[in-house]
Amino acid sequence: MVRLYFRFLGLHLRALLEYQSDFWVMAAATVLIQVVNLVFLSAVFARIPTLRGWSFWAVVAMFALMAIAEGVGSFFFEGTWRLSESINQGSLDYALVRPYPVVLQVTSAEIGINGLTNIITGGAMLATALAHLDVRWSVGLVLLAVVLPVCAVMIKVSVNLATNSISFWLAGPSPLFAMAVHQVGELARYPLSIFPTALKATLGLVVPFAFITTFPLGFLLGTGSSPWLGLLTPLVAAYCVALALVAFSRGLRRYESAGN
Amino acid sequence: MALVEARQLTKVFRRPDKPPGLAGALRHLATRRYVEKVAVDHVDLSIEAGEAVAYVGPNGAGKSTTVKLLSGILQPTSGEVRIGGLVPQDDRMAVAHRIGVLFGQRTQLWWDLPVADSLAVLRDLYGVDEGTYRKRLKRFDEVLGLDDLMAVTGRKLSLGQRMRADLAAALVHGPEVVYLDEPTIGLDLSVKDRVREFFRELRDEGTTVMLTSHDLADIEGFCRRLVIIDEGRIVFDGDLEAVKDEFARDRILHVHTETRVDPDRVRAVLPGAVVAAGESPLWHSIRFDRFAITAGQAVAAVTGIAAVVDFRIDEPGIEDVIRRVYSGELRLAAETDAETDSEPDVEGSGEPDAVVTAP
């Protein structure tokens with residue numbers, strides 16, 4: 001099943017690589033965005049020593065985690081964003097009669113090449129940040145440092161899938177709601193404590209993007225008001241995945257195809 | 001139990017009732033109104049293994065919707081489908097290996113890939129072993145001329161090429177049941193012939209085929225069973241030949257005589273026949289019931305009045321029958337036992353426009 005998934009992705013990668021100049025422009029653009037982010041952050045931290053207790057490198061690690069989560073989302077699961085279009089045009093018909101999970105056929109229907117550069121720059125940022133941060137590494141913490149980014153990816157990808165699945169109910173041709181939620185996700189690159197209560201509740205509970213950044217790092221660094229929350233991350237990730245899959249399969253039952 | 005079983009299958013679509021134009025769209029935002037459309041209405045259908053069935057009806061009759069319900073793409077509003085005992089909507093993976101679907105209006109080939117690559121992906125998806133795959137491709141090539149298309153990218157295929165490649169794509173896993181939804185739409189005649197030949201081979205190999213079409217030439221010579229759907233309901237399900245015997249019983253004799261013939265004299269010797277003037281004064285068209293009057297009798301009757309120079313006989317095809325069903329002229333009873341080969345009764349047959357009910 002996994003092998004087939006990569007086979008599907010590979011099909012798009014091949015088509016994509018035919019436009020090589022496009023590839024390099026996209027790659028350069030995503031790197032540039034991350035550089036701009038870092039310049040902005042260092043400008044902010046030049047005036048203040050910490051952001052509610054979070055150091056410069058801690059926030060860089062948050063940016064990195066979000067970049068990795070988004071990168072994996074767009075490199076491996078970009079098809080999610082085309083779901084509303086498929087529903088609108090009724091082009092899921094053949095996917096529904098093939099012996100392969102429909103949800104995976106949907107998510108593998110596209111490859112976002114900028115995801116690759118996001119993963120690489122995010123990975124580099126995370127490694128650098130962790131090297132600068134004061135973490136007392138133990139076997140457990142190392143294990144956790146591996147598990148937490150995986151959970152981060154699961155949360156981001158699931159929220160994408162769940163919000164895009166709403167298109168089964170709202171018949172519009174573009175995933176406006178999902179895009180709006182994605183934008184909200186950008187805020188989660190900053191420590192949760194700088195936001196007003198309503199936004200805290202939103203990012204902590206409703207769309208739990210804080211479990212991509214603030215909570216896992218809080219546990220790793222012992223920063224924030226309740227670092228233990230970070231331990232809930234795997235549970236939150238599992239919950240998000242389950243919720244997204246339920247939303248998708250419920251939605252699929254409403255799929256109406258299109259008349260000829 | 002039959003291989004494909006539909007019981008009381010119903011699909012109701014809810015469509016927004018939008019008045020036309022921007023103003024209408026805005027009004028829809030404020031007050032949402034919906035109209036319900038029954039696309040498939042309590043359809044009972046069972047198809048035995050190895051059976052070839054033609055499923056015909058006018059545009060919008062519910063043909064495609066039925067196929068989508070039978071293949072598990074759509075969720076029925078009520079009723080259920082079973083394929084080999086499995087519900088396709090619930091056992092998607094298991095059923096997928098057993099069915100093949102072709103929508104003539106939609107391709108399943110990858111747009112950016114050569115046909116060969118698209119087929120190879122499907123081979124891996126269905127887990128077809130290399131030997132079987134090669135054997136199938138060879139057969140597809142023989143009838144569909146597939147080899148010429150293998151290197152062509154999906155987007156560059158002409159409609160006819162695309163349909164041939166899509167047929168191969170739908171059958172690459174050797175399905176037991178094949179639904180072909182408008183498989184000849186938009187094709188030119190030579191390709192149509194090839195594709196039809198392929199259907200016949202498929203049928204002869206014992207594949208269960210349900211062919212949906214509004215081109216009736218697809219059907220003749222392909223299947224024995226005909227199902228007619230109109231406005232979501234099955235209006236006829238029975239033997240194709242029986243339908244022709246029952247409802248296409250009129251023949252028309254076009255006769256060219258040496259001298260002018262008084263139509264009334266013909267009417268006198270051929271009771272029940274409709275005599276009309278032909279394309280020239282010396283031509284007449286005589287419409288008669290072939291079970292009441294034989295063609296020989298009709299010709300002999302004219303010969304008794306004037307010397308016959310030439311004649312030809314037109315036999316209406318299934319097209320005529322179905323056209324009359326569509327236009328509401330004919331009411332066929334939706335009885336599954338209509339396919340009995342009973343001798344059609346001769347009584348009350350002269351009037352073609354009458355409302356006829358099958359026994």
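User: In this predicted model, what percentage of residues 228-248 of chain A is helix, and how far apart are the end C-alpha atoms?
Analyst: Residues 228-248 of chain A are among the spans that UniProt, in an unreviewed entry, annotates as "transmembrane region". In the predicted model, this span has 0% strand. Its helix content is 76%, and its end C-alpha atoms are separated by 32 Å.

User: How far apart are the end C-alpha atoms of residues 161-181 of chain A?
Analyst: The unreviewed UniProt entry also lists residues 161-181 of chain A under the feature "transmembrane region". Over these residues the chain is 52% helix and 0% strand.

User: Is G73(A) buried or exposed?
Analyst: G73(A) sits in helix α3 of chain A, which runs over residues 56-77, and the UniProt record gives 56-77 as one of the spans of its "transmembrane region" feature. Once neighbours within four places in sequence are set aside, the contacts of G73(A) are E78(A) and V157(A). Because its relative accessibility is 4% and the cut-off for this class is under 20%, G73(A) counts as buried.

User: What is the C-alpha distance between G73(A) and A198(A)?
Analyst: Along the sequence, G73(A) and A198(A) are 125 residues apart. In space, their C-alpha to C-alpha separation is 27 Å.

User: Which residue of chain A does H97(B) touch?
Analyst: H97(B) belongs to helix α3 of chain B, residues 92-98, and at 38% relative accessibility it counts as partly exposed. Leaving out residues up to four places away in sequence, H97(B) touches Y126(B), H173(B) and P175(B) within chain B. From chain A, the residue that H97(B) touches is P99(A).

User: How far is H97(B) from G174(B) in space, C-alpha to C-alpha?
Analyst: H173(B) and P175(B) are among the residues in contact with H97(B). H97(B) and G174(B) themselves are 77 residues apart in sequence, whereas their C-alpha to C-alpha distance is 8.4 Å.

User: What is the relative accessible area of E231(B)?
Analyst: E231(B), although not a glycine, has a positive phi of about 50°. Its place is the loop of chain B between β8 (225-230) and β9 (233-239). E231(B) is exposed, with a relative accessible area of 60%.

User: How far apart are the C-alpha centres of domain 1 and domain 2 of chain B?
Analyst: Chain B is divided into domain 1, covering 4-223, and domain 2, covering 249-314. The C-alpha atoms of the chain fill a box of roughly 75 × 55 × 50 Å along the principal axes. Within chain B, the C-alpha centres of the two domains lie apart by 46 Å.

User: Which annotation does UniProt give for residues 4-256 of chain B?
Analyst: This span is 35% helix and 29% strand, and its end C-alpha atoms lie 52 Å apart. Chain B itself has eleven helices and 13 strands. According to the unreviewed UniProt entry, the annotation covering residues 4-256 of chain B is "domain: ABC transporter".

User: How far apart are the mean positions of the positive and negative charges of chain B?
Analyst: Of the 359 residues of chain B, 51% count as buried, and the accessible surface of the chain comes to about 16400 Å², with 50% belonging to carbon and sulfur atoms. Chain B carries 45 positive and 60 negative charges, and the distance between their mean positions is 7 Å.

Notes: Residues are numbered from 1 along each chain as its sequence is written. Chains are lettered from A and ligands numbered from 1 in the order in which they are written. This is a predicted model: local features need pLDDT of at least 70, side-chain atom pairs count only at pLDDT 80 or more; totals for chains, interfaces and linings use all residues. Side-chain values use heavy atoms; hydrogens and water are left out. Helices (H or I, at least four residues) and strands (E, at least two) are DSSP runs, numbered from the N terminus. Buried means under 20% relative accessible area, exposed over 50%, partly exposed in between (1.4 Å probe, protein chains only). Accessible areas come from the Shrake-Rupley method with a 1.4 Å probe; for residues, only the protein chains shown count as cover. Lys and Arg count as positive and Asp and Glu as negative; His and the chain ends are not counted. The place of a charge is taken as NZ of Lys, CZ of Arg, CG of Asp or CD of Glu. Domain bounds come from an automatic or database domain assignment. UniProt positions are given in the numbering used here, feature names are shortened, and annotations may be inferred rather than shown by experiment. Contact means heavy atoms within 4.5 Å.
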